[in-house]
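Hello,

Here is the structure I promised to hand over. My notes follow below it.

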Amino acid sequence: MDAFTRFTNQTQGRDRLFRATQYTCMLLRYLLEPKAGKEKVVMKLKKLESSVSTGRKWFRLGNVVHAVQATEQSIHATDPVPRLCLTLANLNRVIYFICDTILWVRSVGLTSGINKEKWQMWAARHYYYSLLLNLVRDLYEISLQMERIAHDRAKREKSQDPLGHSVADEETEWLQSFLLLLFQSLKQHPPLLLDTVKNFCDILNPLDQLGIYKSNPGVIGLGGLLSSIAGIITVVYPQMKLKIR
């Protein structure tokens, strides 16, 4: 109970819970819509999803400052690849949150002279760029982990077999060897696995909004739910958040 209280007292924690609720409603609505007699339930889910989405906008109002701070931190990363990817990703997040704030201003009726569709597209575009750059960083980190594991395994195999023969040397075993390396890399580095899953699931939404890869609400809802669960884990267990090197 204490852990739950600490979690909900954090703005990020509340946003993750709201986000998980929003995408759960989207997923359930998609699953129930084709079924007869579920019209009232679908309408309630749709209203709840809309209310939660509106509530989440309040939590995101101060995220421009957090994104600026994250940009300042990423500039000091020692590895040039994460430094470049994270800095550009965070700059795009700054623009995304600015667009999101402008859309919020329009939604509450403070001004009417804002082109909603245009700003939504700008927000989706910069959100997409941010996630894409984060995925590039994840792939880079995965490649480093795979290289390290492959190097350690090669040393062990060489000590056991001076001729250097191994099953992985066979061309037919290349894919199996690659998948095994990938599995071991992610298994040994849970924060990297969570970050990759989160970014991959999140990118489905802007891909659909921008028309790059069309999905359905069920896929987007499931992806958003998985991403929210990954985010909740990193808030509850900060050591599971991928660190900047």
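Start with arginine 148: its relative accessibility is 37%, so it counts as partly exposed (partly exposed lies between buried, under 20% relative accessible area, and exposed, over 50%, with a 1.4 Å probe and protein chains only). Aspartate 152, at 28%, is also partly exposed. The two side chains meet in a salt bridge, 3.7 Å from N to O (a side-chain nitrogen of Lys or Arg within 4 Å of a carboxyl oxygen of Asp or Glu). Aspartate 152 and arginine 148 are about one helical turn apart, because they sit four residues apart in helix α6 (helices are DSSP runs of H or I, at least four residues, numbered from the N terminus). Elsewhere, salt bridges that share partners join Asp15, Arg16 and Arg56 into one network.

This is a predicted model: local features need pLDDT of at least 70, side-chain atom pairs need 80 or more, and totals for chains, interfaces and linings use all residues. Residues are numbered from 1 along each chain as its sequence is written, and side-chain values use heavy atoms, without hydrogens or water.

How many salt bridges are there by this rule? The count is nine. Arginine 137 forms one with glutamate 141, at 3.6 Å between the closest N and O atoms. Both arginine 137 and glutamate 141 are buried. Glutamate 33 and arginine 29 form another, at 3.6 Å. Glutamate 33 is partly exposed at 46%, whereas arginine 29 is buried at 14%.

Finally, glutamine 22. Glutamine 22 lies in helix α2, residues 11-32. Its relative accessibility is 8%, so glutamine 22 counts as buried.

Best wishes

How values were computed:
Helix = DSSP H or I, 4+ residues; strand = E, 2+ residues; numbered from the N terminus.
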